Amino acid sequence: MLAVRGLSKRIDGKAVLTEIDLELAAGGVAGLIGRNGAGKTTLLRVISGILDPDGGEVLFEGRSVHREPEVKRELVFIPDSPEAWYGYTGWGAAYMFGQIYPRFDPACFRDMMNRLGLPLDRNIRHFSKGMRMMFSTALGLSTRAKLVLLDEPTNGIDPIAKKQVLTLLMEAAADGMSLVVSSHLLEELERMTDTILLMRAGSVEMHASQGVADGIVAKLQVVFGGAAPEAWLRSPDVRVLEHIGRVYTLLLNAAPGSAALKELEAMRPLLMEPLPVRLEDLYVWKLGGEPYAE
Amino acid sequence: MPSNSRWNGMKPLLGREYANARLFIFAVPIVYFLIVVLKRMNNWLWNRPSTDTLVRLARHDFAHGDLYRYVYDNGANEAGGRLWLLLAVFVLALVQLGVERRNGSQELLFSLPYSRARVFLSKWLLGAMMVTGTLLICTLADVVVMAVSPASDYVRLDYFAAQFGYSWLVVLAGYACALLVGAVTGSVASQTILTWVLAAFPIGFFLLLDASLNVQGIQLPRRTHDGFGNSYTPLLGDRIQDALNFIGYASLSYTDIVWWRALAMLVLLGAGLLLATGAYVRNRVENNGKLMLFKGGETVLRYAVVLCASMIAGMVGKGLFRLGAGEWLGYDIGFVLGCVLSAFIIRRLLRMRFKY
């Protein structure tokens, strides 16, 4: 449904997106993760046509988003700050979206607003930050568009509201809506997505959420017999997540060709217990040593 | 939206533009009414004209030129109204383009399923409808006031039609230029400054160039007097100066409104609109906050600023350094200093991002 081919974007002379290729199937839910400044928002803004790419193209159902903007009737972008709706009430915004998006469902919008406890007749300007994000998410999901891009939808909202928003997203996904969610809530993303898009140095790596780190990284709890092998622990194939007393929690390079696991086995540690690898572990493994993008 | 008409496709965009500029839509006609129609009512309905004027009106002894001078005040009301409308469309362009860069509106509009050309067209249409509606309603009201006034025999529809048409062209040409500046600048501050600079640039640049050439001993032919000091023949320099003075176009008295001036405004309107649409379509959103959005615009601005600042510094140098070699040496010293300093400053400014 969404195909991104060779997408590049430079901002102030710096390459923010470099030759990005990705494809998303209809009905899929993708989580977009990466460090602050990695280019997540830029990627979403290019996909939604707000920014023009310097190279490459974004195709939605085979048609270019930038050359044929009318395809965006089925593609909605929800930014991380809905300032654009200041001056509108919930109903006012719904009226406008109802004129633009052919499948906009006002009843669904009203229900979502009620579930989130948001007044429909109050100016959005007077909402708190979290309320604005919830409103914005409800508005975007009510378009019933085929693909909704969400930039930090849980930004600034309290834990209870966060759960409500995530529930709305999961319901929308269950109804067949495709979602791309940029977020730092790795645990939630791991649960609700089927694809993880990991942004790193302007490029994107795609991983299936199920077994996200299979063949990439292994997580182990280890107790060494004697002194800990400091040199080995500092090697590029090993990352120490935690060290309490003699117990180490380690991430090891599990890619084909890496000898880290064999080297560890050869050391005959007292305890070597595999732990489940979470998305957060992959995130730390891939991005842990990287500085923030300037 | 294949099943709907193009108009239906414009409705939400126009609705949004209207919502953003609602106050304007009502305030502009009211103020224009006060400037043009209320003043006419004051002159002819509420203040009794002088006996001499009433006698002359009764005798129908106003010749063609006198008619517009005495009855229509040479179109001074309309000239004042035009200046107000120009100020109004300048602020409207600021709200529509400069402010939307900061408040997320541009992000929303560009993410909608509309081409940027259509988004821009909706902005221009709103402004054009506001100007047209204001002029139409107030001109009709003006006609009615004149028709019920003691000068009712002197209602001239050609006068009202010409004023309506000319005002429409001048204001929309100014609006197109204000939108063009808004489409190439990245912040409210730079849009504000550069709009006024653009309005004054042609005449200002010409005057600076003229003065600079004078210092170097090159003189453009200027107006000559007939020996009595009360008449002159405009020559090349004066003609260029008149042709480049945009405020002069706006404040023209009725008898000075001629076809070539209207045509010049029409060309400016067309060119401004075309360039503004092109710039808006190619908008570099990532450069929002900068002085200029486009590399090409940065280059033009850099050279224009350096050239003008150098000439101004040259004129200052001419006044400060009165050297034996002649005033050109002082000018040249000032010019070089101005060139270096302005090049440095504009380089720094072009790299900065402004919040507003």
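This is a predicted model: local features need pLDDT of at least 70, side-chain atom pairs count only at pLDDT 80 or more; totals for chains, interfaces and linings use all residues.
Local features were required to have a pLDDT of at least 70 and side-chain atom pairs a pLDDT of 80 or more, whereas totals for chains, interfaces and linings use all residues. Residues are numbered from 1 along each chain as its sequence is written, chains are lettered from A in the order in which they are written, and side-chain values use heavy atoms, with hydrogens and water left out.

The C-alpha trace of chain A spans about 70 × 40 × 35 Å along its principal axes, and its secondary structure comprises nine helices and 14 strands (DSSP runs of H or I with at least four residues, and of E with at least two). Of its 294 residues, 52% are buried, that is, under 20% relative accessible area with a 1.4 Å probe and protein chains only. Among contacts in chain A (heavy atoms within 4.5 Å) with a separation of 6 or more, 68% join residues 24 or more positions apart.

On chain B, a patch of positive charge on the surface is formed by B:Arg302, B:Arg347, B:Arg348 and B:Arg351; such patches join like charges within 9 Å, from residues with over 30% relative accessible area and no salt bridge (a side-chain nitrogen of Lys or Arg within 4 Å of a carboxyl oxygen of Asp or Glu). Helix H14 (residues 327-351) of chain B gives the most to this patch, with three residues, while B:Arg302 lies in helix H13 (residues 295-320).

Conventions
Buried means under 20% relative accessible area, exposed over 50%, partly exposed in between (1.4 Å probe, protein chains only). Patches are made of residues with over 30% relative accessible area and no salt bridge: like charges are joined within 9 Å, nonpolar side chains (Val, Leu, Ile, Met, Phe, Trp, Tyr) within 5 Å. Accessible areas come from the Shrake-Rupley method with a 1.4 Å probe; for residues, only the protein chains shown count as cover. Lys and Arg count as positive and Asp and Glu as negative; His and the chain ends are not counted. The place of a charge is taken as NZ of Lys, CZ of Arg, CG of Asp or CD of Glu.
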